[in-house]
Amino acid sequence: MQLTQYTDYAIRTLLYLGAHREEVVPVTAIAEAYGISAHHLAKVAQMLTREGFVRAQRGKKGGLQLAREPELIAIGEVVRRTEPNFHLVECFDAAHNSCPISGACRLQHVLEDARRAFLKVLDGVTLGELLGNQQQLVQLLGRAEATRDPPA
């Protein structure tokens, strides 16, 4: 199973904000720290705001902050809200399933069990737990920002 880039960016954004709890962080700072597109990250930030994970502040000193305590953000919830679907194989999508053995194939049930187990593990992990090494994260994010070429 592979998560979309959108989900990856959402989790990275939450990690950055969790590591910088006291700051209102511009999207551009997060994008720069990870070396990713600020445009793409802005779309992710809009969704995270709409879903209540982050708070957005407009204006000159605007940016993002976590809207909840990190211990109240389950990674499984983030993944469910950011992934478009969990169609591991064609037969998971009833509207587009053309597999001739769907009715008898046992693989679908095995994969469904695996999908449930995957999400159950993510449901048991909070952003707070992922921030257990906050100092190290802050150092690495700062180092990543410092090593990037300055904008021309």
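Which loop holds Pro-84? Pro-84 is found in the loop between helix H4 (75–82) and helix H5 (107–123).

This is a predicted model: local features need pLDDT of at least 70, side-chain atom pairs count only at pLDDT 80 or more, and totals for chains, interfaces and linings use all residues. Residues are numbered from 1 along each chain as its sequence is written, and side-chain values use heavy atoms, with hydrogens and water left out.

**Figure 1. The whole protein has 7 helices and 2 strands.** Helices (H or I, at least four residues) and strands (E, at least two) are DSSP runs, numbered from the N terminus. From that end, the order is α-α-α-β-β-α-α-α-α. The C-alpha atoms fill a box of roughly 60 × 35 × 30 Å, taken along the principal axes. Of the 152 residues, 36% count as buried. Buried means under 20% relative accessible area, exposed over 50%, and partly exposed in between (1.4 Å probe, protein chains only).

**Figure 2. Pro-84 is exposed.** Its relative accessible area is 65%. Pro-84 and Gly-142 are 58 residues apart along the chain, and their C-alpha atoms are separated by 32 Å.

**Figure 3. Helix H1 (residues 5–19) packs with helix H3 (residues 38–50).** Their axes are 9 Å apart, at an angle of about 70°. Axes are lines fitted to C-alpha atoms, for helices over the stretch in contact, and angles run from 0 to 180 degrees between N-to-C directions. H1 and H3 are therefore roughly perpendicular to each other (65 to 115 degrees). H1 brings Tyr-6, Tyr-9, Ala-10, Thr-13 and Leu-14 to the contact. H3 brings His-40, Leu-41, Lys-43, Val-44, Met-47 and Leu-48. Contact means heavy atoms within 4.5 Å.

**Figure 4. Tyr-16 and Tyr-34 form an edge-to-face pair.** Rings of Phe, Tyr and Trp (its six-membered ring) pair if their centres lie within 6.5 Å; planes under 30 degrees apart count as stacked, over 60 as edge-to-face and the rest as tilted. The count comes to 1 aromatic pair. Here the ring centres are 6.4 Å apart and the planes are at 65°. Tyr-16 lies in helix H1 and Tyr-34 in helix H2 (residues 27–34), so the pair ties together parts that are 18 residues apart in sequence. Both Tyr-16 and Tyr-34 are buried.

**Figure 5. Strands E1 (residues 54–57) and E2 (residues 63–66) run antiparallel.** They are joined by 4 bridges. Two strands pair if DSSP finds at least two bridges between them. Arg-55 has Gln-65 of E2 as its bridge partner. The hairpin has 5 residues between the strands, and Gly-59 takes a positive phi near 105°.

Key. Parallel < 35°, antiparallel > 145°, perpendicular 65-115°, else oblique.
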